[in-house]
Amino acid sequence: MASKALRGLTSAEVGAATTAALLFFVCLIVAGMTDHSGYAFHMVIFTLASGWAFFTVINRGFDPESAPPPRTIDGKPNYNMGPIKVATIAAMGWGIAGFLVGLVIALQLAFPALNFDLPWTNFGRLRPLHTSAVIFAFGGNVLIATSLYVVQRTCRARLAGELAPWFVVLGYNLFIVIAGTGYLLGITQGKEYAEPEWYADLFLTTVWVTYLLVFLGTIWRRDEPHIYVANWFFIGFIVTIAVLHLGNNAAIPVSILSPKSYIIWSGIQDAMFQWWYGHNAVGFFLTAGFLGIMYYFIPKRAERPVYSYRLSIIHFWSLIFMYIWAGPHHLHYTALPDWAQTLGMTFSIMLWMPSWGGMINGLMTLSGAWDRLRTDPVLRMMVVSVAFYGMATFEGPLMSIKAVNALSHYTDWTIGHVHSGALGWVGYISFGAIYCLVPWLWKKERLYSDRLVEWHFWISTIGIVLYISAMWVSGIMQGLMWRAYTNLGFLEYSFVETVEAMHPYYVIRALGGLLFLCGALIMAYNLWRTIVDPAVRSVAVARQSVPMAAE
């Protein structure tokens, strides 16, 4: 067999190989010196990953076909879809895992024996595993896949960098592995939606900065003079999440040999930073980023232009200005100064306007194409997601009002609210985008089965309705029981009695979660058959004709 000829490494490859080699030796040394078994396990994972990265990059120098491809071929953009395919597959895998863990913890609340009296399977460790899996693993991979796809298509330019997009996708998923296994091993800093410890946060910062540079670099090299509105939402999401992450996770490690660290903020300042981060993780990760998906995929699927491009710009600037101030409404009736609580409530109520403006813009994009909802279950799923977005963004400001919050806070009503947005809005717009992406990325004429999409839609919709209805009833009942007093001024119900009253609703919630998981499994089967089934004809170029201003 003839040996491969050395083509030489580019400067980017040299830098990547050097960084990987340094990380390999540092992690190997730390793994050998630390006395914390969980931390040692994570350092071994980093060692293996950096060693694989080093040899993969070096091997590129012996492969003439791995030379940097041209940006254009015959005058047309030569898009880089490889990392997007990986992120799309990862999103479905993490999504099913996250939904499954959610079902387990829902059953644990109804049937506590399912905790199994084991440290790795108790509710306290599985709950952050569930939230991180569905928000950051599933949602994050959906956002990375769609944003890198949309920015290429709307800018008519290949992704900036060759190794960088792969580092973003693979590095982000490595972070998910580190974070998730850390929860099971008890490595956590105990901050809502920000549980990973300092070394995982540091690695994520590197990945996220690279993500921002790839995205902005692609826009910088664009051939299309106009920056389509979806890209503005993606930029807002990427930049703001970076700022939130750095502010809320500012910590001082005990030692490089220990996973433990101490947050530099304390007391009410720490709480304020946490919910400035926590609420805007919802506002920018789960809202702004997925609005970018809405503004691209609904017009694309409906084959209609955005209803009002002017309204979309107003929607963007008003949303990002108002959302950032809404976090204090999570701290009503706490040690936070009353003026700060009122500020958070005020901006939360003001968010009704931009949120519903975006909802109206998304729904009205179907003007002249409403009949498509009867025949296109993918489009129907995305339109229903926008309806859930409108409902959740009405309910959220309502619950931020102090008088309402006095009843709803710490109850299952909040759980119902969160999941109406998470399952209905984020879940459905993500599913719709993935249903669109898979045939485009693998150059297939269509999905394997529209009938399976119908089954997915109706089964999961029933699941969502059962879930959020049970939590609404349960939550309001909780709040009323907790504030019920006898004629003598004593509490009418003990805490145990309120817990007992929740049991049937917890069972209904678990049933709803099971149906939602079944829908995702149907989707995964449908996508797999779309990719591998020879009966689904391939096309030379994926259908991309869409009447949008930027494309």
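**Note on the predicted model: loops, helices and overall fold**

1. Arg-156 sits in the loop between α4 and α5, and the remarks here concern a model that is predicted. The phi of Arg-156 is near 50 degrees, a positive value in a residue other than glycine. Most residues other than glycine have a negative phi.

2. Another positive phi in a residue other than glycine belongs to Tyr-193, where the angle is near 65 degrees. Tyr-193 is found in the loop that runs between α5 and α6, the latter covering residues 198–220. Its relative accessibility is 14%, and Tyr-193 therefore counts as buried.

3. Thr-131 belongs to helix α4, which covers residues 123–155, and Thr-131 is buried, with a relative accessible area of 9%.

4. Just after α5 comes Gly-186, which takes a positive phi of about 85 degrees.

5. How are helices α3 and α15 arranged where they pack, in angle and in the distance between their axes? Helix α3 (residues 82–110) and helix α15 (residues 412–441) pack at an angle of about 145 degrees, their axes being 10 Å apart, and the crossing of α3 and α15 is left-handed. On the α3 side the contact is made by Ile-84, Lys-85, Thr-88, Ala-91, Met-92 and Phe-99, while α15 supplies Phe-431, Ile-434, Leu-437, Val-438 and Leu-441. By class, the residues of this contact divide into 9 nonpolar, 1 polar and 1 charged.

6. Gly-513 has its place in helix α17, residues 495–532. At 17% relative accessibility Gly-513 counts as buried, because the cut-off for that class is under 20%. Apart from neighbours within four places in sequence, Gly-513 is in contact with Leu-103 and Tyr-467. Gly-513 and Lys-300 are 213 residues apart in sequence, and their C-alpha atoms are 30 Å apart in space.

7. For the protein chain as a whole, the secondary structure comes to 17 helices and 4 strands. The radius of gyration is 24 Å, close to the 24 Å that the globule rule gives for 551 residues, so the chain is as compact as a globular protein of that length. Along its principal axes, the C-alpha trace spans about 90 × 65 × 45 Å.

8. Buried residues make up 53% of the 551 residues. Of the contacts with a separation of 6 or more, 83% are accounted for by residues 24 or more positions apart.

Key
Residues numbered from 1 in each chain as written. Predicted model: local features only at pLDDT ≥ 70, side-chain atom pairs only at ≥ 80, totals over all residues. Heavy atoms only, no water. Axes fitted to C-alpha atoms, helices over the stretch in contact; angles between N-to-C directions. Helix = DSSP H or I, 4+ residues; strand = E, 2+ residues; numbered from the N terminus. Left-handed = near helix turned anticlockwise from the far one by under 90°. Contact = heavy atoms within 4.5 Å. Nonpolar A, V, L, I, M, F, W, Y, C, P; charged D, E, K, R; others polar. Rg over C-alpha atoms; globule rule 2.2 N^0.38 Å. Buried < 20%, exposed > 50% of the residue type's maximum accessible area, 1.4 Å probe, protein only.
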